[in-house]
Amino acid sequence: MDKHSPITLNPRPRNDSQTITQWVYQSLRRAVMDGDFLPGRQLTIRALAQMLDVSPMPVREALRQLAAENALTILGNRRVMVPQMTAMKFTELCEARIAIECHAAARALPYIDAPQLLALQQQDAAINAAQDSGNLAQINHHNQEFHRLMYSANPHQVSLPLIESLWLQLGPFMRLASSSISEHYLVDRHSEAMQAIERKDAVALQLAIAADIRDGVAFANNPQQLQSFINHSNG
């Protein structure tokens with residue numbers, strides 16, 4: 001897959017409570033977050049409208065919202081582009097993830113009950129199945145769902161929108177990074193996190209979350225390999 005490959009969107013069905021504009025926004029947001037669009041990819045309103053079988057107007061509005069979230073860059077002439085990645089930007093995004101997600105995990109811990117822990121276990125099993133089948137999009141999607149389930153257990157949380165903004169900016173690049181995850185992700189950090197949840201150990205949970213994020217981007221510890229991934233993604 002490269003930035004010139006045909007785009008395939010697999011949006012969820014629209015439910016009765018969603019307007020078309022809301023559905024288009026959620027569909028494109030998920031596509032960016034899951035890495036369906038690689039860095040440097042140019043997109044047109046017309047092409048996206050055809051893929052989603054809608055008029056250009058809700059696509060235009062959705063793209064404006066995503067641009068405001070730093071997920072896309074508006075070029076004009078009815079075109080938008082997925083921002084390219086740099087080593088400094090990538091490092092900053094990952095460090096921000098660690099800082100905010102460790103906080104979110106610790107704050108959610110007192111509210112995670114047995115049914116929520118079971119849901120986390122199910123998401124972790126889905127990640128393992130996606131890894132076994134080599135489905136990079138599903139690896140990213142279920143990993144995000146695992147973290148989202150954990151943090152949203154806190155009924156007072158305010159950090160999830162910030163976290164999802166970071167996921168949006170990293171999503172296009174992480175699809176490529178996931179292709180080498182088995183080389184670096186040697187310890188099951190999600191298992192460590194769930195064990196910490198069972199013990200109600202906030203410190204251990206934060207350590208597991210930080211390690212999970214770092215292991216997921218361990219290739220970045222090698223500057224040459226990081227630059228190679230960036231060059232590939234920006235292609």
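Biologist: Which residues does Leu205 touch, not counting those up to four places away in sequence?
Modeller: Leu205 touches Ala105, Leu109, Met150, Ala193, Ala196 and Ile197, leaving out residues up to four places away in sequence; contact here means heavy atoms within 4.5 Å. Please note that this is a predicted model, in which local features need pLDDT of at least 70 and side-chain atom pairs count only at pLDDT 80 or more, whereas totals for chains, interfaces and linings use all residues. Residues are numbered from 1 along each chain as its sequence is written, and side-chain values use heavy atoms, without hydrogens or water.

Biologist: How many residues does the largest nonpolar core have?
Modeller: The largest nonpolar core has 52 residues. Such a core is a set of buried (under 20% relative accessible area, 1.4 Å probe, protein chains only) Ala, Val, Leu, Ile, Met, Phe, Trp, Tyr and Cys residues joined through side-chain atoms within 4.5 Å. Those with the most contacts inside it are Leu28, Phe37, Val59, Met150, Tyr151, Leu205 and Ile209.

Biologist: And which helix gives the largest share of this core?
Modeller: Helix α1, residues 20–33, gives the largest share, with seven residues. Helices (H or I, at least four residues) and strands (E, at least two) are DSSP runs, numbered from the N terminus. A second, separate core has nine residues, including Phe90, Leu166, Leu170 and Phe173.

Biologist: Which residues of helix α9 are buried?
Modeller: In α9, residues 189–199, the buried residues are Arg189, His190, Ala193, Met194, Ala196 and Ile197. They line one face of the helix, because they fall within an arc of 155° seen down its axis, the arc being that of the directions from the helix axis to the C-beta atoms.

Biologist: What do those buried residues pack against?
Modeller: The buried residues of α9 pack against α5 (114–133), α6 (136–151) and α10 (202–216). On the face turned away from the buried side, α9 carries Glu198 and Arg199, which are exposed (over 50% relative accessible area).

Biologist: Let us turn to the sheet. What is the order of its strands?
Modeller: The order is β1-β3-β2 in an open sheet of three strands with antiparallel pairing; two strands pair if DSSP finds at least two bridges between them. The edge strands are β1 (42–44) and β2, each pairing on one side only.

Biologist: How many bridges join β2 to β3?
Modeller: Three bridges join β2 (residues 73–76) to β3 (residues 79–81), and three also join β1 to β3. Met81 in β3 is the bridge partner of Thr73, and Gln42 also stands opposite Met81.

Biologist: What phi does Asn77 take?
Modeller: Asn77 takes a positive phi near 55°, in the hairpin of β2 and β3, which has two residues between the strands.
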